Structures are given as C-alpha cells and as structure tokens.
Amino acid sequence: MSAPVRIALVAGEASGDLLGSRLIEALRRRLPEAEFCGIGGPRMIAAGFESWFPQERLAVRGFVEVVRHLRGLLAIRAEVLRRVRAQRATLFIGIDSPEFNLGLARKLKRAGLTTAHLVSPQVWAWRRSRIRRMKDYVSHLLVLFPFEEALYRGAGVDVTFVGHPLADEIPENADREAAREQLRLPAHAPVVAVLPGSRQSELDMMSGTFIEAAKLLHARLPSVRFVVPLVTRETRDLFEAALYRHEARELPMALLFGHSREALAACDVALATSGTVTLEAALTRRAMVIAYRVTPFSYLIAKRLIRVPHVGLPNILCGEAVVPEFMQYEATPENLAQAVGNMLADAPLRRSIEERFLRLHAELRRDSAECTADALLPLVHGTSSRAAR
C-alpha cells in the first residue's frame, strides 16, 4: 500500500500565495488525493490548503525589520520543521521567502525529506556564494527567469526554468481604452499609475515622495490624472493619511481597491516602487519610473552587498537601463516628477519601451504552473515509492 501524498508548502508573501494556489491546482490535477499544508495565504487556502500560521507573520522585509522580528520567525520555522517531519511529508516546497525557506529546506533535506524551492533568491544580485550551496538546500530548484537556469546548472544544481506566471496571465496588448472606460478616466488625458507598494513599510517610505512628485507634475501639467491601486484597507488608509499630511487631497487622483492590472492598462506611464509590480508593468508594456527607499541602515548594508548595475526587475531582465531608476537619496519628488514628465512628453520613447517589453513577455511565457507541476512530479513519485518500500 502506497503512502499518502502529503505536500508541505511555505509561501511568505502575497505573490507567493498566488504562485502557491496555482501550483496546488496544477498538482491536484495530477494527484487528486494529495494533501497540502504549511503556511499560505487566502488563495492557497481557497485551493484546499491547510495553513498552520497566518501568512502575514512571514511578510517582513529589510535587514533591520527582519532582526526586529527574528525571534518570532525562528519560532515559527521550528514549529513548521517539527510538523513537516511528524507528518512525514512526501515533499516540501518553499515558495520565495528564501531567508526563511532555505534554512528550513536544508534541515528537512538533512533529515531525509525531498525538498524543492520555487523562485530563486537574487543570488545574481548579492551573496553569489549561495549558488553552489543551493544543492545542499534543495533537491530541485524552479526558477522564473531564463538566465537563472544557466547560472545554477553551471554550478551543478538540479534546476528547471518554468517561466513567470504573470507572463501567462497578462495579455500582450492591454486595452488602454477599455481600461480607462472601466476606471472612468478621460480618454485622452495623460494618466499616471502611482504604485507605492503593497507593504506598510513601503508605503511609509514611498507615499509622501510619490505624492509630492504628483503635486509637482500636476503643477506643470494640469491635465494629468493619477490612479492609485492599493491592496488592502490598511494600505489605503495609510495612503489617504499621507494625502492629508501633504495637503494633496485636491489632486486629480483616484484611489482603488486592487485593480492594479486595470490601472496599468489605463496609464501612459507608471511611477512604481521597485518590486514585482514593476514586472507587471513591463508585461503590460507600460513605460515606468522605478523608485525605492529603505531605512538608512538597511541601505548601507545593501549598498555593500549588491553587485548588479540595475535594481528594477525590468532592467535586470532586459540587461540594460530600459527605464529610469531612482534609489534611496536619488528618489526625490523633483527627480521623479521630471522623469515621469519626460516620458509623458516623449511618445517615441514610450513606443520603444513597449516594443522591448513585448520581447520580454515572449521570453517569460511558459505556462508556469503546469511546468512547475511537471518538474515536481518525479520528486513526488520518487519519494512516494521509497516510503512505500
């Protein structure tokens, strides 16, 4: 009699929850009786996943922030380790959150469990020594970008490029006219999508700067309209509070619950906090200006460690500075307003950016969830057969 297939997953952020939910659905089509447990968000739970802790407990970013929450994170990891081993999981899959998941995967692998990791840590940006050590952590690595596969394979790591799920979801040609009609935006006015981030720490850092940039831009270009998609009630409250502080409630700015895809489709240019949303903007074929700030101490550490010429994902993936980036002290309202204004005034530049992003879209489209499930299936069958013996 074969052992039950029990797959443990840990996804620490909203983007990981989306990846995890689609992976669960793809695996369930292949393994109808499989059980899924660990840590995940609402999408994974809706897909039939048992979450042992709220996903928000893992959503910590930045060196200083991680240190502040370290004791709680270590306690959660110890408990997940205990439960995965006690339940004799067939397979452990960490989804992103490498600082949490890779340490957990290493302990599980040393205990004889099969482990996989979906979404490579940014070893190409910093701490490249982890490339060769990855095979000590996981039995198989699943990466979202094609250059990562060659990087790891050269180091002897079992790896599969599975494509990026956003490239599967987002159409090649987003309908700007339909999106503006849906969001009740003027058909011919210049529109800027303002994307201050999904985490409270990001809004604390970026909201005021983005609002001041919008005020400067509106003073120079009165016809401009702004649309701001916000993920939760908490992030909306934070952004509204920033509007009050900066005396900007009269700006022509529409605040949305979600609808980031529609906001990007409707806009001419996006002003975005560095992160996954910049890839979403690129796949929507929209020009953008990327900005990011962290605490001064976190910035000093990152500056010593990061070894890539670009920080924004679109520029990293394209291998060139397709869109402007402003990090830390360069991310001023004046710089951002100038850069966005320049893009709004330069239609040929926006078209060339859109053409480059179309090629990027084609490179990343692979039906990611299905590719991931296919790559994991041999691991499941291999461990199931060993357990049965």
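Biologist: In what order do the strands form the open sheet, and what is the sense of the pairing?

Modeller: In this predicted model, the open sheet consists of seven strands in the order β3-β2-β1-β4-β5-β6-β7, and their pairing is parallel.

Biologist: What makes β3 and β7 edge strands?

Modeller: Strand β3 (50-54) and strand β7 (159-161) each pair on one side only, and they are the edge strands. From one strand to the next, the twist averages 15°.

Biologist: How do you know that β1 pairs with β2?

Modeller: Two strands pair if there are at least two bridges between them. Strand β1 (residues 6-11) and strand β2 (residues 35-40) have five bridges, in the parallel sense. Opposite Ala8 stands Cys37 in β2.

Biologist: How do you know that β1 also pairs with β4?

Modeller: The requirement is again at least two bridges, and five bridges join β1 to strand β4 (residues 91-95), with the two running parallel. Ala8 has Phe92 as its bridge partner in β4.

Biologist: Why is β1 called largely enclosed by the rest of the structure?

Modeller: A residue counts as buried under 20% relative accessible area. Six of the six residues of β1 are buried, so the strand is largely enclosed by the rest of the structure. Arg6, Ala8 and Val10 point one way, while Ile7, Leu9 and Ala11 point the other way, and all are buried.

Biologist: Which elements make a right-handed β-α-β unit?

Modeller: The unit is made by β1, helix α1 (residues 14-30) and β2.

Biologist: Why are helices α16 and α17 called roughly perpendicular to each other?

Modeller: Angles of 65 to 115 degrees count as roughly perpendicular. Helix α16 (residues 333-345) and helix α17 (residues 347-364) pack at about 95°, with axes 5 Å apart; α16 and α17 are therefore roughly perpendicular.

Technical notes: Residues numbered from 1 in each chain as written. Predicted model: local features only at pLDDT ≥ 70, side-chain atom pairs only at ≥ 80, totals over all residues. Heavy atoms only, no water. Helix = DSSP H or I, 4+ residues; strand = E, 2+ residues; numbered from the N terminus. Axes fitted to C-alpha atoms, helices over the stretch in contact; angles between N-to-C directions. Parallel < 35°, antiparallel > 145°, perpendicular 65-115°, else oblique. Buried < 20%, exposed > 50% of the residue type's maximum accessible area, 1.4 Å probe, protein only. Right-handed = clockwise from strand over helix to strand, strands pointing away.
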